[in-house]
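The entries follow in the order in which I went through them.

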Amino acid sequence: MGQCACREIDLSAYLDREISPELSSVIEEHLQTCQKCKEALNRMQLLSKAVQELPRPSVNPFLATKVLGQLQTEEISETPFVRLFESWGILSLVALGIVLVPFGSSLFGLMYVLIKNLTIVLNLVVNLSWRVPMSPINLALGAIFMAGGILAFYGFARLYLTMARKELVS
Amino acid sequence: MIDPSLIEQVKAGNLTAFEKLLQSTQQKGFNIAYGILHDTLDAEDVLQEAYLQVFHNIKKLKTAEAFKSWFGKIITHLSFRRSKEKGRFKTIPLHEITQVETTFSDNPETFMVKQEEKEQLIKALKFLPDEYRAALILREWEDYSYQEISEVLDIPLGTVKSRLFSARKMLFNKLKEGDM
Ligand SMILES: [Zn+2]
């Protein structure tokens, strides 16, 4: 009988009871006579049992509390106001696109010149800012630009988080 | 199996039902994440994110029977992602695996898994590429069928069979080599 009819890969599937009844009975018959396969199966069984018996830590008992807490925070932040910020993120993207498509190359050219002459530009900005009077209009303009920047940033972050959460599930 | 009416309640946004679902599945989910990541804190983070995804996406689940594979898939994907973020994700080309020449009939006297050798076994498991460890953990710890594993890992049934066999072969080989 020298030759072994069993393939170990089938023994592994046999061990998992994931094999057709026909192949199963072929293997069982073969196992009666083949010591080599019998030992191989026995070793696979031991290994499988050893893995099954490995200790697993218990899950954190506060998991439910944590998850529910997080869901509730989300719910609070899912107000129309927040949706507005989300759409603000999209609006900023659209605005960016509108500016970039027709004026992209000239904008890049301008940036290139600005960066190339960074020291001169910085000097100019500092000089100019001293000359601009501290009028309420200028202050208000500055505040509006800053608020707009922060809102856009927040909008992007929300947009990203929402997309990241929806990404994985098919 | 999960009670279909419980799934329906969760789909309707019922938080009490969701908590019940979480309580009845959390240890299973944790075992999968822990089996892949072998780090309690990482596994907890993964589980937390997984349940948020479950809550937000459960409407996409077609049947209650599909929950096991679907849930396993979310946990496994998030665990792989975490493993990659930590720079620990291991993968090896297929030809290297098939080159593992060991068979289970080699050197019987050197192979044994005794109580005191559990440490060795854990080390050997960590040595496995993540996708192989995942398949083995799903099978041995959580009793996923080949069909379910193929859904979780997005691989054909035949690949599940060979992946589990290779995982066992690599484990066996590593244990035999000893000194890790
Ligand atoms: Zn044989």
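The entries below go from the ground rules to the chains, then to the contact between them and to single residues.

**Ground rules.** I am working with a predicted model, in which local features need pLDDT of at least 70 and side-chain atom pairs count only at pLDDT 80 or more, while totals for chains, interfaces and linings use all residues. Residues are numbered from 1 along each chain as its sequence is written, chains are lettered from A and ligands numbered from 1 in the order in which they are written, and side-chain values use heavy atoms, with hydrogens and water left out.

**Chain A.** I looked up the secondary structure and found 7 helices and 0 strands in chain A, where helices (H or I, at least four residues) and strands (E, at least two) are DSSP runs numbered from the N terminus. Of the 170 residues in chain A, 26% are buried, a term I use for under 20% relative accessible area, with exposed meaning over 50% and partly exposed the range in between (1.4 Å probe, protein chains only). The accessible surface of chain A is about 12,300 Å², and carbon and sulfur atoms hold 70% of it; such areas come from the Shrake-Rupley method with a 1.4 Å probe, and for residues only the protein chains shown count as cover. Among the contacts in chain A with a separation of 6 or more, 67% join residues 24 or more positions apart, a contact being heavy atoms within 4.5 Å.

**Chain B.** Here I noted 9 helices and 0 strands. Chain B has 180 residues, and 53% of them are buried. Its accessible surface is about 8,100 Å², with 51% on carbon and sulfur atoms. Of the contacts in chain B with a separation of 6 or more, 72% are between residues 24 or more positions apart.

**The contact between the chains.** I count 14 residue pairs in polar contact between chain A and chain B, both at pLDDT 80 or more. A polar contact is a pair of N or O atoms within 3.5 Å; within protein, one must be able to donate a hydrogen and the other to accept it, and residues adjacent in sequence count only if both atoms are side-chain atoms.

**Salt bridges.** The whole structure holds 17 salt bridges over all chains, and 4 salt bridges cross the interface of chain A and chain B; the rule asks for a side-chain nitrogen of Lys or Arg within 4 Å of a carboxyl oxygen of Asp or Glu.

Which residues pair with A:Asp16? One is B:Arg139, at 3.3 Å from N to O. B:Arg139 lies in helix α7 of chain B and A:Asp16 in the loop between α1 and α2 (21-33) of chain A, so this pair joins two chains. Another is B:Arg168, whose closest N and O atoms with A:Asp16 are 2.8 Å apart. B:Arg168 belongs to helix α9 (residues 157-177) of chain B, so this pair joins two chains as well.

I checked the accessibility of these residues: A:Asp16 is buried at 4%, B:Arg168 is buried at 1%, and B:Arg139 is buried. A:Asp16, A:Glu18, B:Arg139, B:Glu140, B:Asp143 and B:Arg168 are linked in a network of salt bridges.

**Helix α7 of chain B.** In this helix (residues 130-140), 10 of the 11 residues are buried, so the helix is largely enclosed by the rest of the structure. The buried residues include B:Arg139 and B:Glu140.

**A pair within chain B.** B:Asp45 and B:Arg82 form a salt bridge, the closest N and O atoms being 3.3 Å apart. B:Asp45 is partly exposed at 37% relative accessibility, whereas B:Arg82 is buried at 19%.

**B:Leu61.** I found B:Leu61 in the loop between α3 (40-57) and α4 (67-85) of chain B, buried at 4% relative accessibility. Not counting residues up to four places away in sequence, B:Leu61 touches B:Ile7, B:Lys11, B:Ala66, B:Phe67 and B:Trp70.
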